[in-house]
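Colleague: I would like to learn how to read contacts that involve aromatic rings. Could you take me through them slowly?

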Amino acid sequence: QVQLVESGGGLVQAGGSLRLSCAASGRTFSNLAMGWFRQAPGKEREFVACISWTGSTTYADSVQGRFTISRDNAKNTVYLQMISVNPEDTAVYYCAAAIVASRATNTYGSWGQGTQVTVSS
């Protein structure tokens, strides 16, 4: 099992930027695939981005070109750089760990507690 702790959420104006971090512990981070998901009020949790242990990335269409997922294996940390945010990006953002990178939530066995991102118009 791996423990995940997100940070970096907050209030940002539309058009602004924010960087989320997720620190991992308890398992060899470099062997893990990592994902970011988000859940807005009244909606299901949805895929945002993922990165494989090799560094290959995948993005949801809604964030492609605006969000960038990256990882620093020396720091056991995965990041989500968000630019040009809009109110539709408002949600609780979760990071998750898996053996294989995937868009599917049920692929991921470990989840963080989430960090709130609120985008004001």
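**Reading the rings**

Modeller: Let us begin with a charge over a ring, which requires NZ of Lys or CZ of Arg within 6 Å of the ring centre and within 35 degrees of the ring normal. Here the charged end of arginine 45 lies over the ring of tryptophan 111, at 4.8 Å from its centre, and the charged end of arginine 71 lies over the ring of phenylalanine 29, 4.5 Å from its centre. This is a predicted model, in which local features need pLDDT of at least 70 and side-chain atom pairs count only at pLDDT 80 or more, while totals for chains, interfaces and linings use all residues. Residues are numbered from 1 along each chain as its sequence is written, and side-chain values use heavy atoms, with hydrogens and water left out.

Colleague: How many aromatic pairs does the structure hold?

Modeller: A pair of aromatic rings is described by the distance of the centres and the angle of the planes. Rings of Phe, Tyr and Trp (its six-membered ring) pair if their centres lie within 6.5 Å, and planes under 30 degrees apart count as stacked, over 60 as edge-to-face and the rest as tilted. The structure holds four such pairs. One of them, phenylalanine 37 with phenylalanine 47, is edge-to-face, at 5.8 Å centre to centre and 70 degrees between the planes.

Colleague: Is phenylalanine 37 buried or exposed?

Modeller: Phenylalanine 37 is buried, with a relative accessible area of 0%, where buried means under 20%, exposed over 50% and partly exposed in between (1.4 Å probe, protein chains only). Phenylalanine 47 is also buried, at 11%, whereas tryptophan 111 is partly exposed, at 27%.
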